[in-house]
Amino acid sequence: MSIIAQHGDLFIILACAFGLFMAWGVGANDVANAMGTSVGSKAITIKQAILIAVIFEFLGAWLAGGEVTNTIRKGIIDPALLQEDPQLLVYGMLASLLAAATWLLIASMRGWPVSTTHSIVGAIVGFAMAGLGLEAIGWTKVSQIAASWVVSPLMSGTIAFMLFKSVQYLIFENRDPFTAAKRYVPMYVFLVGFIVAMVTLTKGLKHVGLDLGFGESLIYGLLIGLGVMLLGGFLERRVSRNRSEEDSFGFGGVERVFGVLMLFTACAMAFAHGSNDVANAVGPLAAVITVVQSGGQVGGEALVPWWVLVLGGGGIVIGLVTYGHKVIATVGTGITELTPSRGFAATLAAATTVVLASGTGLPISTTHTLVGAVLGVGLARGMAALNLRVIGTIVMSWLITLPAGAGLAIMFFFMLKGMFG
């Protein structure tokens with residue numbers, strides 16, 4: 001009787017427990033990054049940020065989380081090398097989940113905004129090196145993922161820079177900024193609704209039985225964008241021109257209009273983050289379930305069971321509610337001073353980058369994407385607007401993440417192998 005047949009149920013229980021721990025880490029560390037801009041710009045309170053994230057993170061994970069999950073599971077290790085010894089994959093994925101989750105717990109306690117994608121990829125590479133040798137790793141896939149860690153901040157930073165420049169040109173440099181804001185902000189709201197709807201419809205909903213063609217998705221995306229725009233227009237009408245005491249530029253009313261817009265971008269960012277980062281928690285979990293249920297078949301195609309995505313979404317929500325406020329409070333104010341208009345440009349740029357990556361199945365880092373977007377907005381105002389010391393600390397924590405994930409995974413891999421082997 002094989003080890004997988006003998007301990008199958010125990011492996012699945014352990015995988016669910018470690019997967020939930022990992023999803024908790026994603027919620028505690030990464031969701032806090034995603035909400036940081038909205039809270040830092042004072043567009044929404046921490047309580048509102050947590051409520052938005054709870055709803056939209058869960059929906060993103062459940063509705064659009066299937067695409068990226070496959071990349072994490074199948075792309076990094078060559079499955080052919082595991083056919084003879086499938087329990088190695090089970091030990092490895094369990095070790096990877098536990099290693100990445102442990103590192104996220106340490107980082108969250110320190111208030112470091114690290115990448116969950118970095119953590120899990122580093123852990124999987126660590127286990128593969130220890131258990132199978134260097135030739136087992138799909139280095140082309142790893143290099144693609146590594147390249148995305150450079151490309152995603154550059155891409156989101158560029159989009160944020162251009163978005164904020166367009167806001168400055170169309171609204172703040174207008175003779176009547178408040179009227180200009182009322183005129184142009186609905187266009188930005190439409191953009192938020194359309195981008196998120198489009199990528200979700202084209203790529204993310206196959207596993208809930210909704211498989212639309214590009215043309216249909218385009219029509220639905222435009223309709224959803226228009227619906228969101230009408231809702232934004234209705235909320236925006238309630239914003240008055242009143243000038244506050246401390247508002248020396250007369251932009252207070254304009255920033256309040258952007259405050260309304262930040263509600264939509266916060267929802268978009270939470271949805272985008274849930275769709276992309278749930279894979280970090282449920283990808284290895286899905287791999288363990290597949291191997292156990294197929295009696296040791298490694299290469300078999302398997303859709304992620306719906307309850308696995310629900311478990312991942314639930315874990316993310318628990319992590320955010322219990323521990324997320326620590327990182328939320330620091331990320332939004334540390335890098336550069338944010339107002340609702342700056343926070344909007346950063347969040348929309350990051351959400352756009354993340355949903356595009358999620359749609360193409362590339363597991364990018366939400367943390368890198370968002371920090372890149374905030375840097376882009378800061379640069380649009382000049383180098384002096386950036387806090388270089390905080391940026392240095394963030395980059396240092398990023399560099400430690402890969403080796404930390406790999407080292408912990410190697411340790412846990414040999415422990416599990418010793419227990420069951």
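Student: Which residues touch the most other members of the largest nonpolar core?

Tutor: This is a predicted model, in which local features need pLDDT of at least 70, side-chain atom pairs count only at pLDDT 80 or more, and totals for chains, interfaces and linings use all residues. Residues are numbered from 1 along each chain as its sequence is written, and side-chain values use heavy atoms, with hydrogens and water left out. A nonpolar core is a set of buried Ala, Val, Leu, Ile, Met, Phe, Trp, Tyr and Cys residues joined through side-chain atoms within 4.5 Å, where buried means under 20% relative accessible area, exposed over 50% and partly exposed in between (1.4 Å probe, protein chains only). Among the 77 residues of the largest such core, those that touch the most other members are Phe11, Met22, Met35 and Ile77.

Student: Which helix gives the largest share of this core?

Tutor: Helices are DSSP runs of H or I with at least four residues, strands are runs of E with at least two, and both are numbered from the N terminus. Several helices each supply at least two residues of the core, including α1 (3-40), α4 (87-110) and α9 (252-293). The largest share, 15 residues, comes from α4.

Student: How many residues form the second, separate core?

Tutor: Phe164, Ile195, Val374 and Ile391 are included in this second core. Its size is 53 residues.

Student: Is Phe18 buried or exposed?

Tutor: Phe18 lies in helix α1. Contact means heavy atoms within 4.5 Å, and Phe18, leaving aside its neighbours within four places in sequence, is in contact with Leu94, Leu97 and Leu98. Because its relative accessible area is 15%, Phe18 is buried.

Student: At what angle do α6 and α12 pack?

Tutor: Two packed helices are described by the angle between their axes and the distance between the axes. Axes are lines fitted to C-alpha atoms, for helices over the stretch in contact, and angles run from 0 to 180 degrees between N-to-C directions. For α6 (residues 139-172) and α12 (residues 366-380), the axes are 7 Å apart and the angle is about 40 degrees.

Student: What is the C-alpha distance between Gly372 and Ser152?

Tutor: Ser152 is found in helix α6, whereas Gly372 lies in helix α12. The two residues are 220 residues apart in sequence. In space, C-alpha to C-alpha, they are separated by 7.6 Å.

Student: Why does Ser152 count as buried?

Tutor: Not counting residues up to four places away in sequence, Ser152 touches Thr353, Ile364, Ser365, His368 and Thr369. Ser152 counts as buried because its relative accessibility is 2%.

Student: Which residues does Gly372 contact, leaving aside its neighbours within four places in sequence?

Tutor: Gly372 counts as buried because its relative accessibility is 7%. Leaving aside those neighbours, its contacts are Pro153, Ser156 and Gly157.

Student: What is the phi of Lys42?

Tutor: Lys42 is found in the loop between α1 and α2, and it is exposed because its relative accessible area is 71%. Most residues other than glycine have a negative phi. Lys42 is not a glycine, yet its phi is positive, at about 60 degrees.

Student: What percentage of the chain's residues are buried?

Tutor: The secondary structure of the chain comes to 13 helices and zero strands. Of its 421 residues, the buried ones make up 59%.
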